[in-house]
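Subject: Structure for you to look at, with notes on its salt bridges

Dear colleague,

Please read them with the structure open beside you.

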Amino acid sequence: PYLGDYITEKEAINRQTRYGVKLELPQKPGHPRWPRFVIDAAHYGTEMRYMNHDSKNPNTELQLIYINWNGPFPLCIARTIRHVRKVEELRINYWL
């Protein structure tokens, strides 16, 4: 999963976030309404924060799953969108 601080876009600009993913969650019935936000992985996170950005030809995409952590909580994961060769780097479009 992509882990880090869940912050507003304004806060991400103030922090000059380098390891961030901007998200807008789909609104689902029964789930809390989340504003557009950024996951800032500058201070902690997983290896996923080192995936390379590519807005033209990414081979992975972000997918949100909900886990039950004191209520429904969105968790951001990456999944491949095509076959990725063994020697190919993983690329993602961070700023959707």
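E88 is buried, at a relative accessible area of 14%, where buried means under 20% relative accessible area, exposed means over 50%, and partly exposed lies in between (1.4 Å probe, protein chains only). This is a predicted model, in which local features need pLDDT of at least 70 and side-chain atom pairs count only at pLDDT 80 or more, while totals for chains, interfaces and linings use all residues. Residues are numbered from 1 along each chain as its sequence is written, and side-chain values use heavy atoms, with hydrogens and water left out.

E88 takes part in a salt bridge with R82 (a salt bridge being a side-chain nitrogen of Lys or Arg within 4 Å of a carboxyl oxygen of Asp or Glu), and the closest N and O atoms of this pair are 2.6 Å apart. R82 is partly exposed, its relative accessible area being 33%. E88 also forms a salt bridge with R91, with 3.6 Å between the closest N and O atoms, and here both E88 and R91 are buried.

In total, the structure holds 7 salt bridges. Another of them joins the side chains of R15 and E11, at 3.1 Å from N to O; these two residues are 4 residues apart in helix α1 (residues 9–15), and so are separated by about one helical turn (helices are DSSP runs of H or I with at least four residues, strands are runs of E with at least two, and both are numbered from the N terminus). R15 counts as partly exposed, at 33% relative accessibility, and E11 is partly exposed as well, at 31%. A network of salt bridges links D5, E11, R15 and D40.
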